[in-house]
Amino acid sequence: ATPTSIMVGTGRAAENGILFKGGEHLERTHQLDAIVLDKTGTITKGKPEVTDFSGDEEALQLLASGEKGSEHPLAGAIVAYATEKAIDFVEVDEFDAIPGHGIEVKISGKHVLVGNRKLMDDHHIDIGANEEKLVEFETNGKTAMLIAIDGEYRGIVAVADTIKETAPQAIKELQEQGLEVIMLTGDNERTAQAIAKQVGIDHVIAQVLPEEKADKVKEIQALDKKVAMVGDGVNDAPALVTADIGIAIGTGTEVAIEAADLTILGGELLLIPKAIKISHATIKNIR
Ligand code: ADP
Ligand code: MG
């Protein structure tokens, strides 16, 4: 590989909004076998909105007050919804975020849990027939969260995030380039499958805890595959570093951009097959 042609390649990429941190990354992009994409904020817009809420006013008040302390995009959706409903927020006495599960808070002398099935199971909360509602939301690609107050089920809230318009086309191009395309998410299996179906991905790894994302990348590398990881969140940073090529979403967190080898401006997924195309054209000219 001549340094000049690599420079021309990275320059061409930059003109298109594909920012490589160095020429060696362009060379490695040429060798990729598989690409792993995070769901929220990478395949989806990452701006979830509440679509359904079932529960009383107290449940909504405690739920939203608790989520005010969370930085998770799901929490933002709930706070916005409660604000719209003119709910009075109350002060939280104790707040704990449980990564990949939800939150545990103490408010007005009450113990409040908000999160997924696993969180409820861990606290032995019986959700009874509400399991059916949960399954229905998930089948429709929504993320549903359960609320428990003082050990009792008190409600369910569903949130939907929309896929990026160009995601199906970008994924189709990657598959046509011969790459194995995989979706990786902390969200539950059913929601993940529903979103994957909308964008044409058939390989899904769901319910992955934030600290396990990098291990999933290693497992694919162990099959003798060169892997790219695409992500936007703080959660994704270790996996971005572990992957042969880490690709950050330009609209994502600073931490993800730091950890990656290249950034795609505006989070436009079509820039990924474009980057691969440029890498092939550059390397082929060299050989
Ligand atoms: P993702 O890969 O979608 O960003 P996370 O690992 O952050 O997923 O979270 C996985 C799951 O944990 C969420 O789908 C949700 O069910 C639950 N969860 C995480 N944070 C919160 C929160 N602040 N409130 C309620 N539930 C949460
Ligand atoms: Mg994300």
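In H7, Val 135, Glu 138 and Thr 139 meet Arg 190, Thr 191 and Ala 194 of H9, contact meaning heavy atoms within 4.5 Å. These residues divide into 2 nonpolar, 2 polar and 2 charged. The model is predicted: local features need pLDDT of at least 70, side-chain atom pairs count only at pLDDT 80 or more, and totals for chains, interfaces and linings use all residues. Residues are numbered from 1 along each chain as its sequence is written, and side-chain values use heavy atoms, without hydrogens and water.

| Pair | Axis angle | Axis distance |
|---|---|---|
| H7 (residues 130–139) and H9 (residues 189–199) | roughly 25° | within 7 Å |
| H4 (residues 57–67) and H5 (residues 73–84) | about 130° | 8 Å |

Angles run from 0 to 180 degrees between N-to-C directions. Under 35 degrees counts as roughly parallel, over 145 as roughly antiparallel, 65 to 115 as roughly perpendicular and the rest as oblique. H4 and H5 are therefore oblique to each other, and their crossing is left-handed. On the H4 side the contact is made by Leu 60, Leu 63, Ala 64 and Glu 67, and on the H5 side by Ala 75, Ile 78, Val 79, Tyr 81 and Ala 82. Of these residues, 8 are nonpolar, none polar and 1 charged.

Asp 38 is buried, at 5% relative accessible area, whereas Thr 40 is partly exposed, at 28% (buried means under 20%, exposed over 50%, partly exposed in between, with a 1.4 Å probe and protein chains only).

How values were computed:
Chains are lettered from A and ligands numbered from 1 in the order in which they are written. Helices (H or I, at least four residues) and strands (E, at least two) are DSSP runs, numbered from the N terminus. A crossing is left-handed if the near helix is turned anticlockwise from the far one by less than a right angle, and right-handed if clockwise. Ala, Val, Leu, Ile, Met, Phe, Trp, Tyr, Cys and Pro count as nonpolar, Asp, Glu, Lys and Arg as charged, and the others, Gly among them, as polar.
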